[in-house]
Amino acid sequence: MVKNHWCRSVSAKLFREGFGKIMSGSFLSLSSLSLAQETQEQLPAFGDTKWKLFDVSWDAPMNTVTGLTEWSRDINNVYSITTWICVFVFFAVSIPLVYTLYRFRHKAGDQAPPKQFHGNSTLEIIWTVVPVVLLLFIAVPTWRILFKHAQVPPSAMKIEAIGHQWWWEFRYPDNGNVVTANELHVPENTPVHFTVYSEDVIHSFWIPAWGGKKDALPGHKNEITLTSPPLKNANVKGGEMYQGQCVELCGASHALMRFNAVVHSKGEFDSWVKTANSPPTVETASQKAGEEVFARCQACHTIAGTPSEQLPGNKIGPNLSNFGNRKYLGAGTRMNTPENLAQWLKNPAGIKPGNLMPNLGLTDEEIAHVSSYIRQSTTKTY
Ligand SMILES: [Cu+2]
């Protein structure tokens, strides 16, 4: 308990004061950092059994060896070559070792110390050449798949994947400039050319079941082309989901920086694009009141087609267009249910320690209104 507490305060200090300074530098992110510091007291203790990391149920395990895409099959091939070489090296070293220990063990009458000798060119050449050859057996197929997958097919769809502390933003320049957060939607079996970068610290973009990963750096754009897997069930409604995760330690909530990658049939993807950024309707009195509460959110959040879009700059909070259609909230930390959303709005740090959304001190009424405003959705793909 004491140890946990010590670790946490040191890492919190590092991330807030160290990495915090190299964040985008915008006034908003800095002010929100100090806000996050204020909400720190409300963090649950890591040893607290009532506090759980995730309550989400993913359709697919986070698994690198599924072999669902060509790239993941290629990686598996290199894995298995490497594994067999390791097995060979293990026996090639341990069998002679055990034999030598037995054969040359100390016997009565042996002179001590035994005869000393130095240098044996034949042996030295053998134990240099053999590892070089073994490493080449691993290196050549590795290079081959690296070059193969660096190619960008001309038909590839473009998506920007942007890392933020601690959530993902996805932009679709080819598809009506749709913007979404924490949910990547793609058509099945399609090469997608991702431009990967970060708005603050270094993150890393990875959907383990699909193959390669790429670092998201501030101030530099990386590229990676991944092909989405084909649908396992062609008639599935709402697509099939894969887990994505940030894989570069990026601060307090790094482990809670997930996203889901949803693979749709081509038709379903097109209709998702058409409705993804349509503005919420304001019909009921509660939605009307919610729209007013949302004015307090728009410095950090955008909903397409509302005045929040007019505010300039890179906002530090996820885009909330069509939020009602999202399966999770808090970047894959909780299921997106009205109860969890209410808890989130009451005390974001209670769900996701250290995250940059401050506690806004909303009343239960305000929470109910803003929830009815942002939870509506024009598409319900789940
Ligand atoms: Cu990250």
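Trainee: Where is the place of Ala-331?
Mentor: Ala-331 sits in the loop between strand 11 (328-329) and strand 12 (334-335). Helices (H or I, at least four residues) and strands (E, at least two) are DSSP runs, numbered from the N terminus. Before we go on: this is a predicted model, where local features need pLDDT of at least 70 and side-chain atom pairs count only at pLDDT 80 or more, while totals for chains, interfaces and linings use all residues. Residues are numbered from 1 along each chain as its sequence is written.

Trainee: What is phi of Ala-331 near?
Mentor: Near 55°, a positive value in a residue other than glycine. Most residues other than glycine have a negative phi.

Trainee: And is Ala-331 buried or exposed?
Mentor: Ala-331 counts as buried, because it has 25 C-beta neighbours inside 10 Å. The cut-offs are 20 or more other C-beta atoms within 10 Å for buried, 12 or fewer for exposed, and partly exposed in between, with C-beta atoms placed from the backbone.

Trainee: What about Asn-182, which loop is that in?
Mentor: Asn-182 is in the loop between strand 3 (178-181) and strand 4 (183-187). Its phi is positive, near 65°, and Asn-182 is buried, with 25 other C-beta atoms within 10 Å.

Trainee: Switching topic: which peptide bond is cis?
Mentor: The one from Gln-165 to Trp-166, with omega near 0°. Trp-166 belongs to the loop between strand 1 (157-164) and strand 2 (167-172). Most peptide bonds are trans.

Trainee: Now the sheet. What is the strand order?
Mentor: It is 4-10-9-6-7, an open sheet of 5 strands with mixed pairing. Two strands pair if DSSP finds at least two bridges between them. The edge strands, each pairing on one side only, are strand 4 and strand 7 (213-216).

Trainee: How many bridges join strand 9 to strand 10?
Mentor: There are 6 between strand 9 (residues 240-246) and strand 10 (residues 258-264), and the two run antiparallel. Gln-245 stands opposite Arg-258 in strand 10.

Trainee: Last one: at what angle do helix 6 and helix 9 cross?
Mentor: Roughly 100°, and the axes of helix 6 (residues 285-294) and helix 9 (residues 364-374) come within 7 Å. Axes here are lines fitted to C-alpha atoms, for helices over the stretch in contact, and angles run from 0 to 180 degrees between N-to-C directions. So helix 6 is roughly perpendicular to helix 9; angles of 65 to 115 degrees count as that, under 35 as roughly parallel, over 145 as roughly antiparallel and the rest as oblique.
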